Amino acid sequence: MLQVRNVTKRFGGLQALTQVSFDLAEGQILGLIGPNGAGKTTLFNVVNGVYAPDEGQVIFRGQDITGWSPHRVAQGGLARTHQVVRPLNELTVRDNVMVGACFGRESHSLASAGRVADEVLGRVGMAERANQITSSLNVAQKKRLELARALAAHPYVVLLDEVLAGLNPTEIGVMVETVQRIRDDGVTIMMIEHVMQALMRVSDRVLVLDYGLLIAEGSPQDVANDPKVIEAYLGDPGLARRLVAEEAG
Amino acid sequence: MTAWRRPGFWLTWPVVLLGGLAVVLRRDNTLRELGFTLLMFAALASSLNIMMGYTGYVNFGHIVFFGLGGYTGFYFISQRDWPLYPALLAGGLASALVAWALGSAILRLRGAYFALATIGINEAARAFVNNFGPFGGPTGMSVNFAAYTRYGGAAQALWLTYVLLLLVAVLALIVSAMVKHSRFGLGLMGIREDEDAALVMGVNAPRFKTMAYVLSALFPGMVATLFFFKNGNVEPGDAFRLHMSIEMLVMVMLGGQGTVLGPVLGAITYERLRGFLLTSPIFKDLHLAFAGLFLLLIVLFVPTGVVGWLRARFPRVRGLLT
């Protein structure tokens, strides 16, 4: 569905992504984790066209989309949410979702976009807020709106950037169920997440980025037990032991 | 939902059309002059609103389209002896063409940078026309009085100009309402609220912005052709008055940017206020100072304008006040 080949992205002297490659298979949920500043959101930005990579290719449904502008990528069927929510504040919730439907993959007319919006809002549990002005929503609701907007495009792939961050445990439970349901509806998902427990539960596979390098890839269990991953998050577990040994010696 | 099924679509332009026709029936010259100014302001403010209110790009140089379009239309009438109707179209198309060319360059800029660029363009356009021979340079052009005989004399020509302006203004309002309630308009409002988010959702922002800019430029060019035809002459100082751009901003802000009704309400209110200030012995040199003060007060206290305030105050009429 989505193939990323040797993608490198630099910002001035900062190497944000180095030779990152991975495949996203249809119908899967692919988790993307890594410490803060590892380049996770940058990777999303390269995939959906916000940034053009310095090297490498992004191939989506057999088509090379490297360097496409974000609106073209979106129309091709790849939607995303933002880590920091970006609602269209002065529009209603319904209008927000209609933008997704009108300009996404299926390019709906205004009338059919309205129907799609109502359906999607029902799916993410926001139906009763459809006519509210978006700026009046709380964070959890805005996150669900981000999701609804992305889904209204009926995308093949959706990139979810920390949809669980800032939610309380109950809200996380609801959101995780929603994500699983979206996958069951046939949408392929790639998600960045810091809430490990939830991520490990829903992901089919997990990628780990550290300082722009892909350091591990595999099933959630394998990744959780990978020494390199533990080191990236907690520091080298052997280091303390070696230091103690050095002191003693 | 198509635009004409919405109640809000029927609120603004039919009222303006009927009001404008009533003036024709009364055959009152003073009323006609007042109507001319009101319709001109309403059309200009409404067209500015497409860019500023719907798309969120504050344009200090809207008067450029008035100036260049008016000059073009007037050139064809006075120098090429064209009838008014094709000249009217030529004026509008010339402005739209300029907007299309300019748009590809300056619509890459956002926020304050775009606003600054539009001021620069106003000055550049004035300097250009000042030095452009075919347009008469600094002295401008004037129309031979005999040209009006084609329309049954000067008095008849004035009425004809008024009726054409009424049609142009009503057309501007219909276009404004249709844009507001269309897929295109939804895309524009997405750009206004968050351009990057709109792009990510698939809105082709560069093209949408250019289309909005072209559409907003079309009407000032037509209005100006009628205005200068009625005046009988055109000169750079009249055509590119930066303060008129700012007065249009006041009208849009006062009435409520991003609404169909707002610019019309703003235009009428501002015109009445201006009329009062210009004729009052105390304030007569201060009307622009008041416009500035007004703008400041609106931005500080009612940033959504009269219509926005009404919408917030009476939620039940939201659907109507669009």
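This is a predicted model: local features need pLDDT of at least 70, side-chain atom pairs count only at pLDDT 80 or more; totals for chains, interfaces and linings use all residues.
Colleague: Which element gives the most to the side of domain 1 of chain A that touches domain 2 of chain A?

Modeller: The contact draws 17 residues from domain 1 of chain A and 14 residues from domain 2 of chain A. On the domain 1 side, α1, β7 (157-161) and α6 (169-184) of chain A each supply at least two residues. By class, that side has 10 nonpolar, 4 polar and 3 charged residues. The element that gives the most, with 5 residues, is β7(A).

Colleague: Which are the edge strands of the open sheet in chain A?

Modeller: The sheet has 4 strands with antiparallel pairing, in the order β2-β1-β4-β5 (chain A). An edge strand here pairs on one side only. The edge strands are β2 (14-24) and β5 (63-64) of chain A.

Colleague: What angle does the direction of helix α1 of chain A make with that of β2(A)?

Modeller: Helix α1 (residues 40-47) of chain A packs on the sheet. The strands touched by this helix are β1 (2-11), β2 and β4 of chain A. Its direction and that of β2(A) make an angle of about 65 degrees.

Colleague: How many nonpolar residues are in the contact of α3(A) with α5(A)?

Modeller: The axes of α3 (residues 93-103) and α5 (residues 139-152) of chain A come within 6 Å and cross at roughly 35 degrees, in a right-handed crossing. Residues in the contact include V93(A), V97(A) and G100(A) from α3(A), and L145(A), A148(A) and R149(A) from α5(A). Of the residues in this contact, 2 are polar and 1 is charged, and the nonpolar ones number 8.

Colleague: Which element gives the most to the side of chain B that touches chain A?

Modeller: The contact takes 25 residues from chain A and 18 residues from chain B. The chain B side has 10 nonpolar, 5 polar and 3 charged residues. Elements giving two or more residues to that side are α7 (183-193) and α8 (195-200) of chain B. With 6 residues, the element that gives the most is α7(B).

Key: Residues are numbered from 1 along each chain as its sequence is written. Chains are lettered from A and ligands numbered from 1 in the order in which they are written. Axes are lines fitted to C-alpha atoms, for helices over the stretch in contact, and angles run from 0 to 180 degrees between N-to-C directions. A crossing is left-handed if the near helix is turned anticlockwise from the far one by less than a right angle, and right-handed if clockwise. Two residues are in contact if their C-beta atoms, placed from the backbone, lie within 7 Å. Ala, Val, Leu, Ile, Met, Phe, Trp, Tyr, Cys and Pro count as nonpolar, Asp, Glu, Lys and Arg as charged, and the others, Gly among them, as polar. Two strands pair if DSSP finds at least two bridges between them.
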